[in-house]
Amino acid sequence: MTCNRPLAYKAQRDTHNTATPKAFDRKRHSVAVLGMAVLRHKWLKQLLHCGLWVTCGLLGISHIESNRYITLNIAFNHAHAAVNSVSPSSLASFKPLAYTVIQTQPHQPKAFTQGWQLEGDDFYESSGLYRQSYVMRYSRNNTVQQKVAIPNHLFAEGLTLFNDELYLLSWQAGRALVLDPKTLQTKRIHRYKGEGWGLTHDGQSLIMSNGSNQLQLRHPKTFKTTQRMTVQGGTHHWQRLNELEFAKGLIWANIWQSPVIAAIAPSTGTVVGTINLQELVLANTRSPSYQSLNGIAYDAKHDAFWVTGKQWPSRYLIKIEIPKKPIVVTKQHQ
Ligand SMILES: [Ca+2]
């Protein structure tokens, strides 16, 4: 009988309460008095409201995207990037390489850039987030030639064009999609263990990051790991290696949540230089939510690098002043 349920519940609750009925009543009365006192004080009430709104907001944000990008630390990210840009002591040994912006072009502001490469006059770009991921090919003047959605359960990550095939990672899903670069349709799928973040190639092997300080070399036919290298250099503990580009004999790696791009010697995994793009980060993050610098694509025509970020309205062609030393350009891992 439904009418008995409240009685049964109350009896059970009272049974498990160790206080005597009178003591329980006194406690309940005290709580009520305290509650009234809180509500009577305007500032306490406002504090309570504020706390509730913040809690709801945070829960809402965490519900919207269960990914590492839109998390509870959006505000923290902004501060974190600013702090990083100042000059972390562990990066002090790396004098940032000088660069000059030689072109500024629009970038699709909705593109949550994860992978980026320029081949001839065509850009290939992947955009992440669950249920919103896609890959597109567009020209230098930003005319979109092809755009294909990625299945909802996949979170598009790094990509690279190699031997007329476009490889696309899917973050935690463990699937590397191989797409036709013209139609962007999936031709085959490889599996990988762990996470997939950035992807590039050195002309022989695919080079993949997974968010750690490790880079993996993978066979383009089988996608099996053929070699691993630990990225190290100076006193800085390199982590969160993200979007990649192999150019001028070096692996260029975005560092997630940082305005820094590291130049890595592929023969040793040693960081031989850095670029600090804090100025460009600040120019593209005037909106309330901070979005990471992510995206580096070598432009052979200009012998320069395009850089952009997640949901940045602009992309930049920068000329990097690469000294002959200590940059190491030998490749011995084949
Ligand atoms: Ca790239």
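Q: Which residue stands opposite R175?
A: In this predicted model, R175 faces R191 of β9. R175 belongs to strand β8, residues 175-179.

Q: What makes β8 and β9 a pair?
A: Pairing takes at least two bridges between two strands. Five bridges join β8 to β9, so the two strands pair. They run antiparallel.

Q: Which strands form the open sheet that holds β8, and in what order?
A: The order is β6-β7-β8-β9, with antiparallel pairing.

Q: Why are β6 and β9 said to stand at the edges?
A: Each of them has a single partner strand, so one side is left without a neighbour in the sheet. β6 covers 159-162, and β9 covers 186-191. Neighbouring strands here are turned by 20 degrees against each other on average, direction ignored.

Q: What is the strand order in the open sheet that contains β2?
A: Four strands form this sheet, ordered β2-β3-β4-β5 and paired antiparallel.

Q: Why do β2 and β5 count as edge strands?
A: β2 (113-119) and β5 (144-149) each have a single partner strand, so one side of each lacks a neighbour in the sheet. From one strand to the next, the twist averages 10 degrees.

Q: How do you know that β3 and β4 pair?
A: Count the bridges. Six of them join β3 (residues 122-127) to β4 (residues 134-139). The cut-off is at least two, so these strands qualify as a pair. Within the pair, E125 stands opposite M136 in β4.

Q: Why is Q216 called buried?
A: The cut-off is 20 or more other C-beta atoms within 10 Å. Q216 has 21 C-beta neighbours inside 10 Å, so Q216 counts as buried. Q216 lies in strand β12, residues 214-218.

Q: What does Q216 touch, not counting residues up to four places away in sequence?
A: Q216 touches M208, T225 and R228. A contact means C-beta atoms within 7 Å. Between Q216 and S205, eleven residues apart in sequence, the C-alpha to C-alpha distance is 9.5 Å.

Q: Which residues touch the most other members of the largest nonpolar core?
A: They are L168, I251, A253, A262 and I264, in a core of 64 residues. Leaving aside neighbours within four places in sequence, A262 is in contact with W238, A253, I255, V271 and T274.

Q: How much of the protein counts as buried?
A: Of its 334 residues, 36% do.

Notes. Residues are numbered from 1 along each chain as its sequence is written. This is a predicted model: local features need pLDDT of at least 70, side-chain atom pairs count only at pLDDT 80 or more; totals for chains, interfaces and linings use all residues. Axes are lines fitted to C-alpha atoms, for helices over the stretch in contact, and angles run from 0 to 180 degrees between N-to-C directions. A residue is buried if 20 or more other C-beta atoms lie within 10 Å of its own, exposed if 12 or fewer, and partly exposed in between; C-beta atoms are placed from the backbone. A nonpolar core is a set of buried Ala, Val, Leu, Ile, Met, Phe, Trp, Tyr and Cys residues joined through C-beta atoms within 7 Å. Two residues are in contact if their C-beta atoms, placed from the backbone, lie within 7 Å.
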